[in-house]
Amino acid sequence: MNAQAKPTPDSTLRRFWLKWRFHINVLLLLVPLGFMPKYFADAALFRGDTGLGEREIGEVQVGPWSLRLAELRNEAPTLDGPAGHMKNFTAALCDSCRDQVKATYLRIGKPRSLRAAGVIFFGTPHRMGAMVPIPEKTKADAELWITMEGWDGAMHQAALPLSQASPATVAWLNQQGGKP
């Protein structure tokens, strides 16, 4: 006797897959395309093709040197774990002072000494970055202090009103209850 195997009935899932597999695969290819413009915009920003940041503050004179300063993102400070709220700034040294500047620091409020100069900028002189801690009780009229140290030991400082450097941070401080 020659017994033929009875075909098993297709499951609902198998029928669905056979009917819609092409459409599901096309969808899997198209969904990432929706995220590509943001990806390319962020990549251009971090490469420096679109400037230093979303909001350029401009040229800041610090003693005999100068630097271009910008907010990386024009948004309120972000919570970064135990470090508290942080704000990203980027900078580029002037062409004539790149070989003269040893380090550049940034902080909220006037530094008491070079040991308390703030966070140091990292990166190349063409594009440096720093994450500045923003205490919640900072006053809205606070100043952003830039300290530059030269290879010859010279130290120069400049202050910039926080309202000019980062209006989004001042708005966030007012919302947090900082005293104006």
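Is Lys 38 buried or exposed, and what is its relative accessible area? Lys 38 is exposed, at a relative accessible area of 53%. Here, buried means under 20% relative accessible area, exposed means over 50%, and partly exposed falls in between, using a 1.4 Å probe and protein chains only.

Before going on, a word on what you're looking at. This is a predicted model, in which local features need pLDDT of at least 70 and side-chain atom pairs count only at pLDDT 80 or more, while totals for chains, interfaces and linings use all residues. Residues are numbered from 1 along each chain as its sequence is written, and side-chain values use heavy atoms, with hydrogens and water left out.

Back to Lys 38. Its side chain meets that of Asp 42 in a salt bridge, 3.1 Å from N to O. A salt bridge here is a side-chain nitrogen of Lys or Arg within 4 Å of a carboxyl oxygen of Asp or Glu. Lys 38 and Asp 42 sit 4 residues apart in helix 2 (residues 36–47), so about one helical turn separates them. Helices (H or I, at least four residues) and strands (E, at least two) are DSSP runs, numbered from the N terminus.

Asp 42 has another partner: the side chain of Arg 73 also meets it in a salt bridge, again 3.1 Å, N to O. Arg 73 lies in the loop between strand 2 (65–71) and strand 3 (78–79), while Asp 42 is in helix 2, so this pair ties together parts that are 31 residues apart in sequence. Both Arg 73 and Asp 42 are buried.

Next comes Arg 55, whose side chain forms a salt bridge with Glu 71 (3.1 Å, N to O). Because Arg 55 lies in strand 1 (residues 55–62) and Glu 71 in strand 2, the pair ties together parts 16 residues apart in sequence. Glu 71 is buried, with a relative accessible area of 0%. As for Lys 38, Asp 42 and Arg 73, salt bridges that share partners join them into one network. The structure holds 5 salt bridges.

A search of the whole structure turns up 1 aromatic pair. Tyr 39 and Phe 40 make it, edge-to-face, at 5.3 Å centre to centre with 65° between the planes. Rings of Phe, Tyr and Trp (its six-membered ring) pair if their centres lie within 6.5 Å; planes under 30 degrees apart count as stacked, over 60 as edge-to-face and the rest as tilted.

An open sheet of 4 strands runs in the order 6-5-9-10, with antiparallel pairing. Its edge strands are strand 6 (119–120) and strand 10, each pairing on one side only. Two strands pair if DSSP finds at least two bridges between them. Strand 5 and strand 6 pair over 2 bridges, and Tyr 105 has Ile 120 in strand 6 as its bridge partner.

Strand 9 (residues 143–150) is mostly covered, with 7 of its 8 residues buried. Strand 5 (residues 101–108) pairs with strand 9 over 7 bridges, and Val 101 stands opposite Gly 150. Strand 9 also pairs with strand 10 (residues 155–161) over 7 bridges, where Thr 147 faces Gln 157. Strands 9 and 10 form a hairpin with 4 residues between them, and Gly 153 in the turn has a positive phi of about 95°.
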